[in-house]
Amino acid sequence: MSIVRPYGDTTGDGMVQLSFTLPIPHDKRAEGAALQLAAKMGMDPAMLVHAKQMGDGFTFFVVYGRVTHLVDTDKVEVVERDFPLLSAKEVNALVKRRLRRKLSVVGACIGTDAHTVGIDAILNVKGIAGEKGLEYYRELKVTNLGAQVTVPELVAAAQRERADAVLVSQVVTQRDAHLHNTREMSAAFREALPADKRPLLVVGGPRFDESMAGELGVDRIFGRGTTPGEVASYLVHELVQS
Ligand code: B12
């Protein structure tokens with residue numbers, strides 16, 4: 001039962017919905033072009049359910065149609081959580097007992113990226129999804145540098161704060177900015193500090209591929225829907241319990 005297919009009206013009918021933009025003004029021809037693209041992507045039949053011109057010379061489309069592709073859930077590869085989820089109380093107790101000092105966390109949104117809502121959700125007391133952020137944890141010392149922080153500023157702050165962990169957020173993915181910035185950041189830490197003095201490097205954002213940590217030179221990537229408790233549990237697992 002590991003083979004599944006998408007459905008819209010009846011189980012297994014293969015119906016999917018897809019949205020995209022073409023760089024052409026909205027007219028009948030544009031709608032035909034959208035259906036041609038959908039057909040080339042394997043949708044048969046493809047139906048146009050929405051088309052709207054977005055500014056001069058661009059049209060946004062939504063198409064709905066049948067695909068014949070199957071998914072084998074046994075062959076799906078994901079990064080599973082490989083550490084236990086701890087409560088704030090357990091995190092505080094472990095840091096206090098084993099580290100015997102506060103665990104220092106420095107967070108920032110680097111590059112030109114100004115999307116701070118994600119990193120704030122992880123760090124600020126108010127948190128997200130009913131969980132308090134890392135500032136709420138008594139045994140964590142959090143320094144949130146905010147948005148548009150340069151890599152040299154981040155490295156300097158990490159050194160100043162004797163960071164055990166550096167948490168970086170990247171939301172904008174235009175021209176792979178999130179990948180370039182992450183590589184630049186991890187290289188800068190490798191250059192500035194010997195391996196045994198380097199903080200744990202964690203990046204997060206909604207469009208990262210969590211399996212790319214090694215390739216990007218960081219210790220862990222957190223994606224969409226991450227909660228502060230997951231991050232705190234990971235930090236304890238890596239820095240206090242290992
Ligand atoms: C709010 C918002 C803004 C606000 C940001 C305000 C602020 N202070 O953050 C404003 C209006 C300023 C803005 C500006 C822009 N934005 Co904007 N914005 C958004 C929007 C609507 C929501 C983002 C958000 O807050 N999500 C909620 C948070 C909680 O979710 P999250 O970021 O995913 O974070 C979670 C996880 O990813 C993870 N996480 C995130 N970071 C980290 C870090 C660590 C260490 C960890 C562990 C976990 C973690 O945990 C978080 C909690 O679960 C998105 C669209 C969308 N719906 O996502 C567009 C979006 C991100 N913006 C976009 C764009 C293009 C822009 C602009 C370039 C627009 C423009 N032309 O000016 C500018 C760029 C400004 C800049 N220099 O960065 C695009 C990006 C497209 C792309 N391919 O990169 C998006 C996707 C909209 C779109 N569909 O086009 N934006």
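This is a predicted model: local features need pLDDT of at least 70, side-chain atom pairs count only at pLDDT 80 or more; totals for chains, interfaces and linings use all residues.

Me: What stands opposite Val16 in strand 4?
Reply: Gly65 stands opposite Val16.

Me: What makes strand 2 and strand 4 a pair?
Reply: Pairing needs at least two bridges. Strand 2 and strand 4 have eight bridges, in the antiparallel sense.

Me: Which residue of strand 4 is the bridge partner of Ala46?
Reply: That is Gly65. Gly65 also stands opposite Val16.

Me: How do you know that strand 3 and strand 4 pair?
Reply: The threshold is at least two bridges. Strand 3 and strand 4 (residues 59-66) are joined over seven bridges, again in the antiparallel sense. One example is Lys52, whose bridge partner in strand 4 is Phe60.

Me: What is found in the hairpin of strand 3 and strand 4?
Reply: Five residues lie between the strands, and Gly55 takes a positive phi near 70° in this hairpin.

Me: In what order do the three strands of the antiparallel sheet run?
Reply: The order is 2-4-3, and the sheet is open. Strand 2 (15-22) and strand 3 each have a single partner strand, so they stand at the edges and one side of each is left without a neighbour in the sheet. Neighbouring strands are turned by 15° against each other on average, direction ignored.

Me: Why is strand 4 called largely enclosed?
Reply: Buried means under 20% relative accessible area. Six of the eight residues of strand 4 are buried, so the rest of the structure largely encloses this strand.

Me: Which strands does helix 1 lie across?
Reply: Helix 1 lies across strand 2, strand 3 and strand 4. It runs at about 135° to strand 3.

Me: What makes the bond between Asp44 and Pro45 a cis peptide bond?
Reply: Omega is about 0° there. Most peptide bonds are trans. Pro45 lies in the loop between helix 1 (28-40) and strand 3 (46-53).

Me: Why is Met41 called partly exposed?
Reply: Buried is under 20% and exposed is over 50%, with partly exposed in between. Met41 has 46% relative accessibility, so it counts as partly exposed. Met41 lies in the loop between helix 1 and strand 3. Leaving out residues up to four places away in sequence, Met41 touches Leu18 and His69.

Me: How many residues separate Met41 and Val105 in sequence?
Reply: They are 64 residues apart in sequence and 45 Å apart in space, C-alpha to C-alpha.

Me: Where does the domain assignment put domain 1 and domain 2?
Reply: Domain 1 is 3-73 and domain 2 is 88-241. Their centres, taken over C-alpha atoms, are separated by 38 Å.

Me: Which residues does UniProt list for "domain: B12-binding"?
Reply: The unreviewed UniProt entry lists residues 102-242. That span is 36% helix and 18% strand, and its end C-alpha atoms lie 17 Å apart.

Me: What makes His115 a donor of the cobalt atom of the ligand?
Reply: A donor here is an N, O or S atom within 2.8 Å of the metal. NE2 of His115 is at 2.2 Å, and His115 is the only protein donor of the cobalt atom. His115 lies in the loop between strand 6 and helix 3.

Me: In what order do the strands of the parallel sheet run?
Reply: Five strands form this open sheet, in the order 7-6-8-9-10. Strand 7 (140-144) and strand 10 (220-222) are the edges, because each has a single partner strand. The twist averages 20° from one strand to the next.

Me: How do you know that strand 6 and strand 8 pair?
Reply: At least two bridges are required. Strand 6 (residues 103-109) and strand 8 (residues 165-169) pair over five bridges, in the parallel sense. Cys109 stands opposite Ser169 in strand 8. Helix 5 (residues 177-192) packs on the sheet, touching strand 8 and strand 9 (200-204).

Me: Why is Ala129 called exposed?
Reply: Exposed means over 50% relative accessible area. Ala129 is at 67%, so it counts as exposed. Its phi is near 55°, a positive value in a residue other than glycine. Most residues other than glycine have a negative phi.

Me: What makes Arg162 exposed?
Reply: The cut-off is over 50%, and Arg162 has a relative accessible area of 70%, so it is exposed. Phi of Arg162 is also positive, near 45°. Arg162 sits in the loop between helix 4 (151-160) and strand 8.

Key:
Residues are numbered from 1 along each chain as its sequence is written. Side-chain values use heavy atoms; hydrogens and water are left out. Helices (H or I, at least four residues) and strands (E, at least two) are DSSP runs, numbered from the N terminus. Axes are lines fitted to C-alpha atoms, for helices over the stretch in contact, and angles run from 0 to 180 degrees between N-to-C directions. Contact means heavy atoms within 4.5 Å. Buried means under 20% relative accessible area, exposed over 50%, partly exposed in between (1.4 Å probe, protein chains only). Donors are N, O and S atoms within 2.8 Å of the metal (3.2 Å for Na, K and Ca); water is not among the atoms, so sites may look incomplete. UniProt positions are given in the numbering used here, feature names are shortened, and annotations may be inferred rather than shown by experiment. Domain bounds come from an automatic or database domain assignment.
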